[in-house]
Amino acid sequence: MPVKPAKKFTSKRLSASSKAYLNRQAADSFVQAARAQGYRARSAFKLQEIDQKHKLFRHGQTVVDLGAAPGSWCQVAAEKVGPTHKGGGRIVGIDLLEIPPLAGITFIEADFTSDEGLGQLLPHVQPEGVDVVMSDMAANTTGHHATDGLRTMALAELAADFALTHLKPGGHFLTKVFMNGDEAKLRDTLRPHFTKVMFVKPGASRAESREIFLLALNKKA
């Protein structure tokens, strides 16, 4: 069956940037696949690819997703670690935004960088600790690439601090960063604490995007 051409957004009520974004989304094969497979965002395929290559997840793990909205990374993790009520793992996502419920996943509407947010998150992961900490967070954009990159890097550094504090030995950490010249500093900060630290750019990440992912495997005891 021939593929129906993507609808073009031409409304005069939309700005040029909004039209470009909507048209790109409509034509994006990963967006279409996410809808077809029930994922909440195309970012699910980024995590799937990273996991397939580097084996982040296994049955029974405890996983924390920092900045979890809209929940697509939690969906991927849930497929791997299994439902808690069947002896599987535990997945906790936290975000400033409200996230619609997903079966078997705990969502917390709070700021993980605040004492209040940590106070809501930590009871779900203590005292046993966490097997995987992941973050696809990006700061709200200002339109200034350097500023946006620095703000997202600050979030990545906070996520790394959480991971270093709460990961079990052997645990993994994955976070999004933007290439702006400072990403190597965070990599070098993590290297003494993990057996392998690297940058990865999955195929589902748009080629023109400056985003890459920093992956730290097997936290040292």
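A residue is called buried when its relative accessible area is under 20%, exposed when that area is over 50%, and partly exposed in between, as judged with a 1.4 Å probe and protein chains only. By this rule W73, at 2% relative accessibility, counts as buried. The model shown is predicted: local features need pLDDT of at least 70, side-chain atom pairs count only at pLDDT 80 or more, and totals for chains, interfaces and linings use all residues. Residues are numbered from 1 along each chain as its sequence is written, and side-chain values use heavy atoms, with hydrogens and water left out.

The protein has seven helices and seven strands. Both kinds of element are DSSP runs numbered from the N terminus, helices being H or I over at least four residues and strands being E over at least two. From the N terminus on, their order is α-α-α-β-α-β-β-α-β-α-β-α-β-β. Of the 221 residues in the protein, 47% are buried. A contact means heavy atoms within 4.5 Å. Among contacts between residues at least 6 apart in sequence, 63% join residues at least 24 apart.

Aromatic rings illustrate such links along the chain. Rings of Phe, Tyr and Trp (its six-membered ring) pair if their centres lie within 6.5 Å; planes under 30 degrees apart count as stacked, over 60 as edge-to-face and the rest as tilted. The structure holds four aromatic pairs. One of them is formed by F30 and F45, which is tilted, with 5.8 Å from centre to centre and 45° between the planes. This pair links distant parts of the chain, since F30 belongs to helix 2 (residues 29–37) and F45 to helix 3 (residues 43–54), 15 residues apart. F30 counts as partly exposed because its relative accessibility is 28%, whereas F45, at 9%, counts as buried. The rings of W73 and F213 have their centres 5.9 Å apart and their planes at 40°, so this pair is also tilted. W73 lies in helix 4 (residues 72–81) and F213 in strand 7 (residues 211–219), 140 residues apart. F213 is buried, with a relative accessible area of 0%. Ring pairs also link F30, Y39 and F45 into a cluster.

Strand 4 (residues 130–135) contains D131. Because its relative accessibility is 9%, D131 counts as buried. The side chain of D131 makes a polar contact with the side chain of K168, at 3.5 Å. A polar contact is a pair of N or O atoms within 3.5 Å; within protein, one must be able to donate a hydrogen and the other to accept it, and residues adjacent in sequence count only if both atoms are side-chain atoms. Leaving aside neighbours within four places in sequence, D131 is in contact with residues including R58, L167 and H172.

In helix 7 (residues 183–190), the buried residues are E183, L186, R187 and L190. They lie on the same side of helix 7 because they cover an arc of only 100° around the axis, the arc being that of the directions from the helix axis to the C-beta atoms. An α-helix has 3.6 residues a turn, so residues three or four places apart point the same way.

A cis peptide bond joins A69 and P70, with omega about 5°, and P70 is in the loop between strand 1 (62–66) and helix 4. K55 has a positive phi of about 60° although it is not a glycine. K55 is exposed, with a relative accessible area of 59%.
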